[in-house]
Amino acid sequence: MARRKLIAGNWKMNGLRTGGLALAGDLATRLGLEAAAGFDMLVCPPATLVASVAEAVRGSAIAVGGQDCHAREKGAHTGDISAEMLRDAGASHVILGHSERRQDHGEDDATVRAKAEAALRAGLVAVVCVGETRAERDAGRAEAVVAAQIAGSLPAGADAGNTVVAYEPVWAIGTGLTPTAEQVQAMHAFIRAEVAKKVASAGALRILYGGSVKPSNAAELLGLPDVDGALVGGASLVADDFWAIAVTCR
Ligand code: PEP
């Protein structure tokens, strides 16, 4: 099944107004000059920049996403942002269950699932992150861990149009380390089979790889049959690098 690649940038807690708008504007210009880009592009700036980046890329093919949302629509949740607020600010996607949120904020699968269901309620695409730690992989538990995350984190009502899965081995994020191409393909095929237990359109659902994707390894990773794009952290902060990753999908 042909799946259009999605190249997504997770800016994490990086970016002030001037630099963030310049980065988004640069990417929008480059994408506008592509005759027929063979990929979709998503940028996920910090919450403070979602509205202004959405405004800056309006009219371009770049989609804008948040990096987290609360499960509730509104209420007494100081410091939190709802999926509806992200949508109102111009977002179309939201990253959920990133390992940094699972670690730093104690988010478990049930929390991630509730947030993903909030995303769908608000009309956002949920980008649900899963991935094992180094210790879990070394113990031969990578597939079991990821299967449990898929079973517990995917929202009710997930389909290929409203949900994306990002496989991000925790030990590969920001470390410069990556699994081998064989390990990535094997895990993506495994994830698709696990998703198929819950989602009828699993064959069309996009599964992104994330973890130290850079221009030098992008072609190999993005050329794998079950890799439908990338979730890029550090390299998404540099327009030349993010663009070099994207155009491997031309
Ligand atoms: C991420 O945080 O989603 C990520 C994949 O980071 P990096 O590309 O820097 O490893």
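The shell around the ligand divides by class into four nonpolar, eight polar and two charged residues; here Ala, Val, Leu, Ile, Met, Phe, Trp, Tyr, Cys and Pro count as nonpolar, Asp, Glu, Lys and Arg as charged, and the others, Gly among them, as polar. This is a predicted model, in which local features need pLDDT of at least 70 and side-chain atom pairs count only at pLDDT 80 or more, while totals for chains, interfaces and linings use all residues. Residues are numbered from 1 along each chain as its sequence is written, and side-chain values use heavy atoms, with hydrogens and water left out.

Around the ligand there are 14 residues, and K12, E168, G174, S212 and G233 come nearest; a residue is near if one of its heavy atoms lies within 4 Å of the molecule.

I turn to the polar contacts, each a pair of N or O atoms within 3.5 Å. The side chain of K12 places an N or O atom 2.5 Å from an oxygen atom of the ligand. For H98, a polar side-chain atom lies 2.8 Å from a ligand oxygen. G174 contributes a polar backbone atom, 2.7 Å from an oxygen atom of the ligand. The protein buries 95% of the 290 Å² that the ligand exposes when taken alone, with areas from the Shrake-Rupley method and a 1.4 Å probe.

Which pocket does the ligand take up? A pocket is an open set of points on a 1 Å grid over the protein atoms alone, with protein on both sides within 12 Å along at least five of seven lines, and its lining residues have an atom within 4 Å of a point.

That second largest pocket holds about 200 Å³ of space, a volume being the space filled by probe spheres set on the points. Its lining comprises 16 residues, with G174, S212, V232, G233 and G234 closest to the centre.

The largest pocket, finally, has a volume of about 490 Å³. Among its 21 lining residues, A47, Q67, D68, R101 and H105 lie nearest the centre.

How values were computed: Polar contact = N/O pair within 3.5 Å; in protein donor to acceptor, adjacent residues only side chain to side chain. 1 Å grid on protein atoms, 1.4 Å probe; cavity = no way out; pocket = protein on both sides within 12 Å on 5 of 7 lines; lining within 4 Å.
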